[in-house]
Amino acid sequence: MDRRHFLGAAAGAAGAAGATVAGCDADRQERPTRKARARRARASRRAREAAERALPGSPDWRVRTPGPAAAVQGYADRVSVLPGEEFGLYVSTTAPGFRVSAYRVGWYGGAQARRVWRSGRIPGIRQGAPAFLQATRTVRADWKRSLTVATTGWPEGAYLLRLDADHGHQRYVPIVVRSREARGRTLLMHAVATWQAYNTWGGFSLYQGQDGAYGTRSLAVSFDRPYAGDGAEKFLVYERAAVVLAERLGIPLAYTTGVDVALDASVLDGAAAALSLGHDEYWTPEQREHVTRARDAGTNLAFLGANACFRRIRLAPGPGGTPARTVVCYKTAYRDDPYLVGHRDMATTDFRLPPAPDPESSLIGLMYEGYPVDAPYVVLEGGHWLFAGTGVERGTAFDHLVGVEYDRVTPGDPTPRRLEIIAHSPLVCRGRHSHSDSAYYTVESGAGVFASGTMRWVEALMAGTRENGRNHGMDARTGAFVTRTTENLLRAFAAGPGGKTQPRPKDNVRSVYGASATA
């Protein structure tokens, strides 16, 4: 009771006790409970989301004429921002000027993106040569800022900034307008560390040096440089189609990046589900810990690719000490990392390897096994709830769906129980006969965990269209199967913990692989 109500009650006569109780009741009614406020906030957010999804899209969002590598290119000084925050954009171009358009990716009646902002014309300059940090063979653009972009009024989501130069050439700069929290929503985790690991801009990535050799590769890569190619290849191939599908379904969504999950676990609190998209290889131990903790608190997990959570990385500062602007992964040269002297458990190599082995299978249910492969996807449990409405049965196959990397159940390694293998696909990789698996398991919290076991799952959402070129030869039948299965997955996981709302998985690992745990 506040002071005003207390004084009023104290001034009453003998019957004031009853008035005081009424006053307390009235006060309780006037002041909405925290749960009621949260319900109203969720309803308001969902109304805004529905209104956003109903808006007309912008079919012209694609880059049509990238031109030479130096024609126009850029990068942002943040991998993500909260709605309303600013970020810096750094652009180099051979044209006298350029404009920037911000496109939010979604369904939008099939247009698949909507332009939410466009800059005026900005004078163009050709920026200087990048810096090269010899100790780690790191390329960093270190350009001058071209403009500051405010995201006021931008809805949460995955964005493509398109740079349009005066001479007609174009490039993307990806950025995520992330969610502050994801309670009750399906959280999409964009794999920005993996994007950067494979980025060859400036001649170096975590895979090769300027001469193409592994031995001259970067040991650390910087976000302070453009992405090679059209500027957003990894997002477009391995993530965009999943975003478009999730937005089309109309389920409550939230957005973040693996870097942000590593820095702050709170975005996972109460999330209905968290999605690892098509190629999500590079994780910090913090991201893994936070995602595991979310699973154990009831958040469903889906791994829509293969080779996820494979490399252990750490995040280091960038120019001026800006946090988390560098991805460090020494791989086989981890003993050369000076950081290891004081942090023996932080070797930036594969999670499964010494000196601190922690195989990814304990979280995903599967282990990465090989590359390259191209094989049919073969259904094992046709009656599984994930396959409802697809018409499949045991032995139904989909050509080319397994590739280019794959995962499988390896019973000799840490593997959750009860785990059900729902697809078991024979393959040959580099002369070795093996299998790729799709699997599903649940934990005590009720959370369900699905892993597709193939890196082509998200790509297959575009099968039968022209969205991904030839798309490895996958046809419209494959696209329809993967789309329906993913719809079943997303709708079920949005409804609550899979272990409480869906049939219990049957532990069939022994019947599939036998006691010897061999393929």
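Colleague: Is E281 buried or exposed?

Modeller: This is a predicted model, where local features need pLDDT of at least 70, side-chain atom pairs count only at pLDDT 80 or more, and totals for chains, interfaces and linings use all residues. Residues are numbered from 1 along each chain as its sequence is written, and side-chain values use heavy atoms, with hydrogens and water left out. Buried means under 20% relative accessible area, exposed over 50%, partly exposed in between (1.4 Å probe, protein chains only). E281 has 1% relative accessibility, so the call is buried.

Colleague: Which residue forms a salt bridge with E281?

Modeller: A salt bridge here needs a side-chain nitrogen of Lys or Arg within 4 Å of a carboxyl oxygen of Asp or Glu. For E281, the closest N and O atoms of the pair are 3.0 Å apart. The partner is R311.

Colleague: How many residues apart in sequence are the parts that E281 and R311 tie together?

Modeller: Helices (H or I, at least four residues) and strands (E, at least two) are DSSP runs, numbered from the N terminus. E281 sits in the loop between β15 (273–276) and β16 (282–283), and R311 in strand β18 (residues 311–312). R311 is buried, at a relative accessible area of 14%. The tied parts are apart in sequence by 30 residues.

Colleague: Where does D358, the salt-bridge partner of R288, lie?

Modeller: The R288 and D358 side chains meet at 3.2 Å, N to O. R288 is buried at 5% relative accessibility, while D358 is partly exposed at 34%. R288 belongs to helix α8 (residues 285–296), so the pair ties together parts 70 residues apart in sequence, with D358 in the loop between β20 (326–328) and α9 (361–364).

Colleague: Which residue forms a salt bridge with E381?

Modeller: E381 is buried, with 12% relative accessibility. The closest N and O atoms are 3.8 Å apart, and the partner is R394.

Colleague: How many salt bridges are there by this rule?

Modeller: Some salt bridges share partners, and these join R45, E49, E156, E181 and R185 into one network. By this rule the count comes to 31.

Colleague: How many disulfides does a search of the whole structure find?

Modeller: A disulfide is a pair of cysteine sulfur atoms within 2.5 Å. C309 is in none, and the nearest cysteine sulfur, that of C329, is 12 Å away. C309 is buried at 0% relative accessibility, and C429 is buried at 7%. For the whole structure, the search finds zero.

Colleague: Why is helix α6 largely enclosed by the rest of the structure?

Modeller: The helix spans residues 240–249. Its buried residues are R240, A241, A242, V243, V244, L245, A246, E247 and L249. Just after α6, G250 takes a positive phi of about 80 degrees. The helix is largely enclosed because its buried residues number nine of the 10.

Colleague: Which residues form a positive surface patch?

Modeller: Patch residues have over 30% relative accessible area and no salt bridge, with like charges joined within 9 Å and nonpolar side chains (Val, Leu, Ile, Met, Phe, Trp, Tyr) within 5 Å. R37 is in helix α3 (residues 34–54). R37 is partly exposed, at a relative accessible area of 43%. The patch is formed by R34, K35, R37, R39 and R40.

Notes:
Accessible areas come from the Shrake-Rupley method with a 1.4 Å probe; for residues, only the protein chains shown count as cover. Lys and Arg count as positive and Asp and Glu as negative; His and the chain ends are not counted. The place of a charge is taken as NZ of Lys, CZ of Arg, CG of Asp or CD of Glu.
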